[in-house]
Amino acid sequence: MSKLFCITDDPISVEEVVQLVSRREAGAINTFIGTVREFTYGKRTLHLEYQTYRSMAEKKLEQLGVEIEERWPEAKTAIVHRVGRLDIEDVAVVIAVSTPHRADSYEASRYAIERIKEMVPIWKKEHWEDGDAWIGDQTETNPYPEGAPQKEDLK
């Protein structure tokens with residue numbers, strides 16, 4: 001793994017993502033690991049299926065990296081998001097942010113995951129014991145009943 005911002009079909013190595021931002025200037029490396037949980041609002045999930053428009057999603061992740069550099073000029077960020085079928089406890093996303101001081105790495109990491117949910121075109125289908133449904137965007141405020149965002153959803 002050599003790209004700072006990418007989408008992958010393969011399991012994510014947290015250590016490899018951390019190595020992308022590790023450097024002598026860093027006094028902190030904050031790592032956020034998003035995993036697939038078993039229960040959501042009391043409903044048991046069996047697995048998830050993430051889909052994306054890969055090239056658009058990677059461009060949005062790069063754009064997010066620029067936003068972080070503008071807010072925290074000394075930060076170095078790497079973000080990898082997995083797509084495809086993910087089982088319970090699988091790692092869906094890893095964000096690693098290195099900064100000279102810890103407060104900036106916490107803040108930039110939190111900013112990154114919230115912005116991913118707002119701006120990166122990744123959506124999921126939840127599979128439960130009693131059925132499945134496309135959830136829509138990652139903020140879960142915009143459903144995609146046809147299984148993928150429509151043109152107006154990607155503005």
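Trainee: Why is Lys124 called buried?

Mentor: Buried means under 20% relative accessible area, exposed over 50% and partly exposed in between, with a 1.4 Å probe and protein chains only. Lys124 has 13% relative accessibility, so Lys124 counts as buried. This is a predicted model, in which local features need pLDDT of at least 70 and side-chain atom pairs count only at pLDDT 80 or more, while totals for chains, interfaces and linings use all residues. Residues are numbered from 1 along each chain as its sequence is written, and side-chain values use heavy atoms, with hydrogens and water left out.

Trainee: Where is Lys124, and which residues is Lys124 in contact with?

Mentor: Lys124 lies in strand S8 (residues 122–128); strands are DSSP runs of E, at least two residues, and helices runs of H or I, at least four, numbered from the N terminus. Contact means heavy atoms within 4.5 Å. Leaving aside neighbours within four places in sequence, the contacts of Lys124 include Leu48, Glu49, Tyr50, Trp134 and Glu140.

Trainee: How do you know that the span of H2 agrees with its number of residues?

Mentor: The expected span of a helix is 1.5 Å times one less than its number of residues. For the 18 residues of H2 that gives 26 Å, and the end C-alpha atoms are 26 Å apart, so the two agree.

Trainee: What makes the buried residues of H2 line one face?

Mentor: The arc is that of the directions from the helix axis to the C-beta atoms. Seen down the axis, the buried residues of H2 fall within an arc of 165 degrees, so they line one face of the helix. Among them are Ala57, Leu61, Leu64 and Ile68. The face turned away from the buried side carries the exposed residues Ser55, Lys59 and Glu70. The cover over the buried residues of H2 includes S1, strand S4 (43–52), S5 and helix H3 (102–119).

Trainee: What makes S5 and S7 a pair?

Mentor: Two strands pair if DSSP finds at least two bridges between them. Strand S5 (residues 76–82) and strand S7 (residues 91–99) have six bridges, in the antiparallel sense. His81 has Val93 in S7 as its bridge partner.

Trainee: Which residues of the largest nonpolar core touch the most other members?

Mentor: A nonpolar core is a set of buried Ala, Val, Leu, Ile, Met, Phe, Trp, Tyr and Cys residues joined through side-chain atoms within 4.5 Å. Of the 26 residues in the largest one, Leu64, Ile68, Ile79, Ile95 and Ile116 touch the most other members. H3 gives the most to this core, with six residues.
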